[in-house]
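I opened the notebook for a quick look at this one. I wanted to go through the ligand site and then the helix packing.

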Amino acid sequence: MTDRIREFLRNRREDGPCVVVDLDVVRANYAAFARALPDTRVFYAVKANPAKEVLRALVELGSCFDTASVAEIEMALAAGATADRISYGNTIKKERDIARAFALGVRLFAVDAVEEVEKVARAAPGAKIFCRILCDGAGAEWPLSRKFGCVPEMAADVLEHGHRLGLWAYGVSFHVGSQQKNVDAWDSALASASQIFQECALRGLPLSLVNLGGGFPTKYLQDVPAAEAYGQAIFRALSRHFGNHLPETIIEPGRGMVGAAGMIEAEVVLISKKSEDDPVRWVYLDIGKFGGLAETMDEAIRYPIRTPRDGDAVEPCVLAGPTCDSADVMYEKEPVLLPVSLAIGDKVLIEATGAYTTTYSAVAFNGFDPLRSYVI
Ligand SMILES: *Cc1c(COP(=O)(O)O)cnc(C)c1O
């Protein structure tokens, strides 16, 4: 926890769980990405944390923005980003939203199917398109399945279709899976990208861009490689597959930009056992899956938890949220070790919660407020 967050929480008087995001950490993360990949432009994935202070700080640092909706485009614009610094990276867009984005000046769109290309061609004539290809997500703690992207063999057809309809066939994108801890995960996707570049060149469509996506991790319980290691591995893979003709590249970090910048403060509401001889205690917090900790689904993301009694003897606990939905249990298959001395009313800190928390919080499930957010 940063001193600034500690100081902020010491002075906070409001009741209820909150996340505090330290902009100094966001700025340091941006600098680390810029240093690790000096020839690559950064498009911050707005969905990870769209707080206006975060967007404004990144605008000042020169970041570009990857958006998934017209609302996110408007947030980036309101924060001071010009439209030429914004991509519409969602492959699933209504045609009228493409038209709105185009009217707002956005000229860079993701596609993964000819059906989507046709919408973009009608609603955003002449715009640049990049085709997203499937990635298996191996090595990622929050893999992205088959929902986005087409098989690499289809990409040239998708791009050529766009070209015929007057779009600018501009490049290829992929996402190696979120919280990707293998720095070499980009290699096979870059091999596919290079083949698509060659195929398109043969068809008279020289591509320019490889969008390397997100996937850069946040340190939760285990250490993760630094941005520099990702930069080196990606540069090696680019050189291996593109030789002396390196493409223009962009990255879209979300989690890696803001995850470590945030800290949730929550309160222990109840500690109990299900029977006299229950080997685990149940610890219920005033935040759960519906209050911002959605990424604990399937216990995928395991957040570090600090208590005021760290250092005391620990025992395994099931950790659950406060709502009346039985799915609102964060860690049960693999319980968390918490101090035996932990008591009802204690404040606990859930670390590295700057990404994918505020926007995943329900509006009023069981009457609980959405996660309050402070950016300092
Ligand atoms: C969510 C998303 C990202 C950010 O991914 P992280 O793993 O959080 O870095 C980047 N690009 C696209 C297209 C996304 O959907």
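**Ligand site**

I began with H175, where an N or O atom of the side chain sits 2.8 Å from an oxygen atom of the ligand. I kept in mind that this is a predicted model.

Next I looked up Y356 and found a polar atom of its side chain 2.5 Å from an oxygen atom of the ligand. At G254 it is the backbone that takes part: an N or O atom there is 2.9 Å from an oxygen atom of the ligand.

How much of the ligand's accessible area does the protein cover? On its own the ligand has 390 Å², and the protein covers 90% of that.

I then checked which residues come nearest. There are 13 residues around the ligand, and the nearest are K47, H175, S178, E252 and Y356.

**Helices α8 and α9**

I moved on to helix α8, residues 186-202, and helix α9, residues 227-242. Their axes come within 9 Å and cross at roughly 35°, and the crossing is right-handed.

On the α8 side I noted W186, D187, L190, A191, A193, S194 and F197, and on the α9 side Y230, I234, A237, L238, R240, H241 and F242. I sorted the residues of this contact into 10 nonpolar, two polar and two charged.

Conventions: Residues numbered from 1 in each chain as written. Predicted model: local features only at pLDDT ≥ 70, side-chain atom pairs only at ≥ 80, totals over all residues. Heavy atoms only, no water. Axes fitted to C-alpha atoms, helices over the stretch in contact; angles between N-to-C directions. Helix = DSSP H or I, 4+ residues; strand = E, 2+ residues; numbered from the N terminus. Left-handed = near helix turned anticlockwise from the far one by under 90°. Contact = heavy atoms within 4.5 Å. Nonpolar A, V, L, I, M, F, W, Y, C, P; charged D, E, K, R; others polar. Near = heavy atom within 4 Å. Polar contact = N/O pair within 3.5 Å; in protein donor to acceptor, adjacent residues only side chain to side chain. Areas by Shrake-Rupley, 256 points an atom, 1.4 Å probe, with all protein chains shown as cover.
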